[in-house]
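Please read this report with the sequence and the 3D structure beside you.

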Amino acid sequence: MPEIKQLPPHMADLIAAGEVVERPASVVKELVENAMDARSSAVVVEIRRGGMGLVRVTDNGCGIAPAELPTAFLRHATSKLRGPEDLGKIGTLGFRGEALAAIAAVSRVEIRTRRREDGAGAALRLEGGVPGEVEEAGAPEGTTILVRDLFYNTPARLKFMKKDSAETAAVSGLMQHLALSHPDISFKFIKDGAEALHTPGDGRLDSAVYAALGRDFARSLLPVKGGGDGVAVSGFVTRPLQGRGSRSMQVFFVNGRFIKSQLLTAALEEGYRNQIMKGRFPGCVLAVTLPVTAVDVNVHPAKTQVKFAQEKAVFDAVYHTVLDSLAERDGPVPASPAPEAAANPRGDFFQSMDAKSFRARETGKPPAPPPKPSAPLPAWNTERPGLKLSDSVPPPSRGEPPERPAPGRKTPFPPLRGDAPASVLKREAERREAPSLPAEEAALEKAAKPAFPAAERTFVPAIPRQEPEVPGQEAIEPLREAPWRIAGEVLRTYIICEDGEGSVFLIDKHAAHERINFDRLKAALEPPMRQALLTPAAVELGREDGALLLENLPLLEEFGFSCEDFGGGAVLVREVPADMDAEDAAAALEEIAGKLREGRSPAERREALLHTMACKAAIKGGWRSGPAELRALVDKVQSGEVKYCPHGRPVAVKLTKYELEKMFKRV
C-alpha cells in the first residue's frame, strides 16, 4: 500500500473549493449572500465573459474591519456562529465560513471595504489563496469584491466550463432568484457593460416579480397567503389557464433562502389537481416562513436543499394555501347594479336618455307616441299549410355536433316562396318524400367505401375496340375494398372500426398522427418547411431558458424555427414549422428548453426534440376530423405501419367478438 501523507494546505484548499465553487454562478451566490447578511439595502453585480473574466459585487452594508480582512479569507472563519447550539438555529444565508477561502483559492481576488465609523477604507489582494498586505485605500461605505481569472490555476476544472452565454444565463437565473428572495433590497445586474436587471427594492414582492420575471408572467399571477402549525406561506401562483410547459418558473424560498424542494413542488401541484391541463405545470413565487429550529439548512454544500422537521405540516400549509386561493378565484362574482339604479351625483349633463326625450326636453313638447303595429305580413309558407315555421330545427351552436333527427322524422328543409315555379315546388316535394341519412352517417359510410368502387353494371360495346399496345405501360387495377369499416368516432378522440373477423378496434387519433409525424420528421433529409408569422411573437421563457435557446439557434433552425434575442429572457419568433399552429410555438419552445436543460447526448436530445415537434403538430383530442382524415389514420394503423406513439403508448386497442360477447354475458 502506498505511503499515507497529509496533503499540503494549498491542495486541500483546491479540493475544498470544488465543493463550493462549481462555476461563476457559485461565486456570485456566495458573495451576494454575504452582502445580504451584511444588512445591505443595495447590491450591484457585474460580470464579464460569463463571470470567467470578472465578477464584481458591490454592497452598502456594514463593511469589514481592516484588521479582520486576512482572517476573513481563512477556512472556517465566520462571524455568524459561536457555539454548537447555533447550528440548530441558523438564520443567516452564509454561515459555513468557506466561501471566501474557496473563491480565493482558485482565482485572483481584490477586496475594498469601509465601515461607517472608519475614516478610511482598506484593501487586500490575494492570488491563489495567498494574501498580500492590507493597505489603506479610499472606498465608499460597504464592501466591493473583484474576482478575476476564475480557475486559472486549476485547468482540470477550467476545461469543464461551458460557453460564456451559458454561464451568463446561469448567473442571470441566480440573480432573479436572489432578487425575489429579498424584495426589500435593490439589485442591479450588469453583464458585459449592459444592465440586465434592476429591482426597485421597495419591499413589495410584486414589484420584484415584475422586474425579474417580466410583465406577462407577473400579470398571470394570483396572490396567496395562509399557513398553519407554525408555517406561513405567501407569494404568488399562476392561474390554472396560464400553466407552463415546464417547472422552470417554480421558485421557492424558505426563510429567505432559495431552495429546490420536491416536497414543495408536490404540494403546489397537488393544489392544482383537476384544475390544470395535463402536461402543464403551475408557476409560482412562494415564500415559506417557519421557525429556524424547524429547518436544517446544513444538508448540502451549496445550501440549495433543506430538511424540514415536520414535513407534513409544511406540505399541508402549502397545499391548503394554494387550494384556498384558487377556490376564492372561482367564487361568485357580485352582480353589478342595474343601469337605472346608478346614481348621477352631478345631475346635469351625464344622463341617460334617448334622442326623442332629449328633443322633447329642449323644445318643451312631449314625445310623439310610438306608431301602432301594422298588420302582419303573410308568411312565406302560407300556401303550404303542411309546413310550419315552428317545425324548422335551429342551427347547432358553434363547436357542438349537429342534432340528429329522431327516427321516422323527415329532415326539414327551408321553405320555398309561394311564387316559386311549379316545377321547382314539385321537385322539392319529391325531395321531401325521399328518405335521407344524417350528414355524419353519410360521410362515414362514404369514407368506409373504397375510393374507386367496382362498377355495378358492365357495358359491352357493339363493336369491340382494338386498344393499341404501348410498351412499358400497365393497366391500373381498381383499388380493392378495405377489409375493415369505420363505424364512427366517439369523444372526438377515438376512432371505432371493425374488420371482417368480428373484431372491434379503438384508435387514438392523436397518438396515431403523432407517430406519423415523428417517423416523417426522423426520416426527413431536409429541414421542415416554414411559415413566416405575419406578426412576430415574443415568447418570455425566463433568462436562463431564453439564453439556452439562443445558444442552440442552429438546432432550432434545423426544426423549422427562426428566432432571435428580444432581451430580458424573451425570444422573438419569426418563423415556425409549416404544420404547426402559431399558437403552439410558445409551448413548443418551453418544452424544447426543458429538453435542452436535461443535458443528454446529441442523439438523445435530437430525438427528444422530435417528440415535442411531432406532438405539437398532431391532431388534438377533441378536434373535429373529416372522413378523409379518419380513413388516412386508420389505413396507417390497420396496415401495421403505426403501432405505438413516440412515447410508447399504444395507438389502438382490439376487442374480439368473444370478448364483447363475454362482457354482455352472451357466452
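Predicted model: local features only at pLDDT ≥ 70, side-chain atom pairs only at ≥ 80, totals over all residues.

Residues are numbered from 1 along each chain as its sequence is written, and side-chain values use heavy atoms, with hydrogens and water left out.

Most residues other than glycine have a negative phi. Phe151, although not a glycine, has a positive phi of about 60°, and Arg492, also not a glycine, has a positive phi of about 55°. Helices (H or I, at least four residues) and strands (E, at least two) are DSSP runs, numbered from the N terminus. In these terms, Phe151 sits in the loop that joins strand E7 (142-148) to helix H5 (155-158), whereas Arg492 belongs to the loop between strand E17 (484-490) and strand E18 (494-499).

The table gives relative accessible areas, where buried means under 20%, exposed over 50%, and partly exposed in between (1.4 Å probe, protein chains only).

| Residue | Relative accessible area | Class |
|---|---|---|
| Phe151 | 1% | buried |
| Arg492 | 24% | partly exposed |
| Cys497 | 1% | buried |
| Cys615 | 22% | partly exposed |

How many disulfides does a search of the whole structure find? The search finds zero, a disulfide being a pair of cysteine sulfur atoms within 2.5 Å. For Cys615, the closest cysteine sulfur is that of Cys645, and the distance of 8.6 Å is too far for a bond.
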